[in-house]
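Let's walk through this structure together, one question at a time. Have a look at it, then follow along.

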Amino acid sequence: MFAVYADRAEPDDPLAALQLGERPAPDVPEGWARVRLRAASLNHHDLWSLRGVGLPSDRLPMVLGCDGAGVDDEGNEVVVHAVISSPDWRGDETLDPARSLLSERYHGTFADEVVVPRRNLVPKPSQLTFAEAACLPSAWLTAYRMLFTRSGVDPGATVLVQGAGGGVATALIALGSAAGYRVWVTSRDESKRAKAVELGADQAFEPGARLPERVDSVMETVGGATWSHSVKSLKAGGTIVVSGATAGAAPSAQLRHVFFRQLTVVGSTMGTRDELTRLARFCVTTGVRPVIHSVRPRDQAREGFRQLLAGDVFGKIVLEWNHA
Ligand SMILES: NC(=O)c1ccc[n+]([C@@H]2O[C@H](COP(=O)([O-])OP(=O)(O)OC[C@H]3O[C@@H](n4cnc5c(N)ncnc54)[C@H](OP(=O)(O)O)[C@@H]3O)[C@@H](O)[C@H]2O)c1
């Protein structure tokens, strides 16, 4: 089958490790299911894998891709939940110490077929295209959990989203505004600030700008470049939810602000199968749809990776399969 995969680790030049070509079709173990992919979307996780982060050399070659939507062997249209937990794990899959994401231990979604535990299949709402559905399992699910499960703030609260252009950030803006939060964003780029407002943000600011007032919660995926602003922008007793650190993972902790104003810093990673099901339903009931930067045929994966690496995107980069 056709696949997009990593055959080595290239820490400084991830695209050099990217391969497009034939790989063996996967076997289907008892209790697992095969999905013929119709669409898959790119994440930074795929670039980290090409750099060798979280993907040791003894697991190579590895088919990349966490996110996908397609059709199973029974003809059902499905979205693939990317968190693979142990067979005997019960409850929140993201808390299983032995969990992995697709493409870490088991081959990922950038292929004609992917094989996952049957319980990882979530029905795809007919109202969503395959390309839209393929954006949900990582960036959109991460945003959903950050805002609705981990932040602890209710609709009507003011939420600051740092780095408006990213996949998680655009999801936070769309989900937050549809759910009745007042969403403020920062972006380095004027056109991204304008697009964020079009998407539902109440106001958009330059990075580090003094805000009209302090916010109830900050959604942080940028890391080092925005952390200090996040801490200073938060109300006493407020919460920063952090799920990524694109621009550096070791900023100053600003501990004086943290204890004196009694701030809470909460980590968040991916989401559960139940949250993915609710996210898909939220999209149907509200009419919100994933923001897609570009859709390309699967054999143009390298161009999609180039775009992601360059960072000049607003929303998700999607690959499509045409099995006809
Ligand atoms: N924990 C999880 O489960 C999970 C799931 C998905 C993603 N993530 C992580 O979340 C992060 C965000 O991923 P993403 O794909 O949504 O977006 P992304 O492409 O990493 O970009 C996020 C935003 O960060 C801002 N940014 C990047 N470099 C910057 C810098 N040097 N200075 C200031 N701002 C900078 C940019 O905003 P502007 O250009 O608008 O300023 C960009 O749009 C990644 O680190 C990813 O690994 C985690």
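Q: How many bridges join strand E11 to strand E12, and do the two run parallel or antiparallel?
A: First, some ground rules: this is a predicted model, where local features need pLDDT of at least 70, side-chain atom pairs count only at pLDDT 80 or more, and totals for chains, interfaces and linings use all residues. Residues are numbered from 1 along each chain as its sequence is written, and side-chain values use heavy atoms, with hydrogens and water left out. Strands (E, at least two residues) and helices (H or I, at least four) are DSSP runs numbered from the N terminus, and two strands pair if DSSP finds at least two bridges between them. E11 covers residues 158-161 and E12 covers 182-186; they run parallel, and the number of bridges is 4.

Q: In what order do the 6 strands of the open sheet line up?
A: The pairing in this sheet is parallel. Strand E13 (203-205) and strand E16 (264-267) each have a single partner strand, so one side of each is left without a neighbour in the sheet. From one strand to the next, the twist averages 20°, with angles running from 0 to 180 degrees between N-to-C directions and axes being lines fitted to C-alpha atoms, for helices over the stretch in contact. The order is E13-E12-E11-E14-E15-E16.

Q: Which strands does helix H4 touch as it packs on the sheet?
A: Touching here is contact, meaning heavy atoms within 4.5 Å. H4 takes in residues 167-178, and its direction makes about 160° with that of E12. The strands it touches are E11, E12 and E14.

Q: What word describes how H3 lies relative to H4?
A: The two helices pack at an angle of about 50°, with their axes 8 Å apart. Angles under 35 degrees count as roughly parallel, over 145 as roughly antiparallel, 65 to 115 as roughly perpendicular and the rest as oblique. That makes H3 oblique to H4.

Q: Is Ser103 buried or exposed?
A: You'll find Ser103 in the loop between strand E8 (100-101) and strand E9 (113-117). Its phi is near 85°, a positive value in a residue other than glycine. Buried means under 20% relative accessible area, exposed over 50%, and partly exposed in between (1.4 Å probe, protein chains only). At 0% relative accessibility, Ser103 counts as buried.

Q: Is Gln262 buried or exposed?
A: Gln262 isn't a glycine, yet it has a positive phi of about 55°. Its place is in the loop between helix H7 (255-260) and E16. With 61% relative accessibility, Gln262 counts as exposed.

Q: What is the omega of the cis peptide bond that joins Leu60 and Pro61?
A: Pro61 is in the loop between helix H1 (44-51) and strand E4 (62-63). The peptide bond joining Leu60 to Pro61 is cis, with an omega of about -5°.
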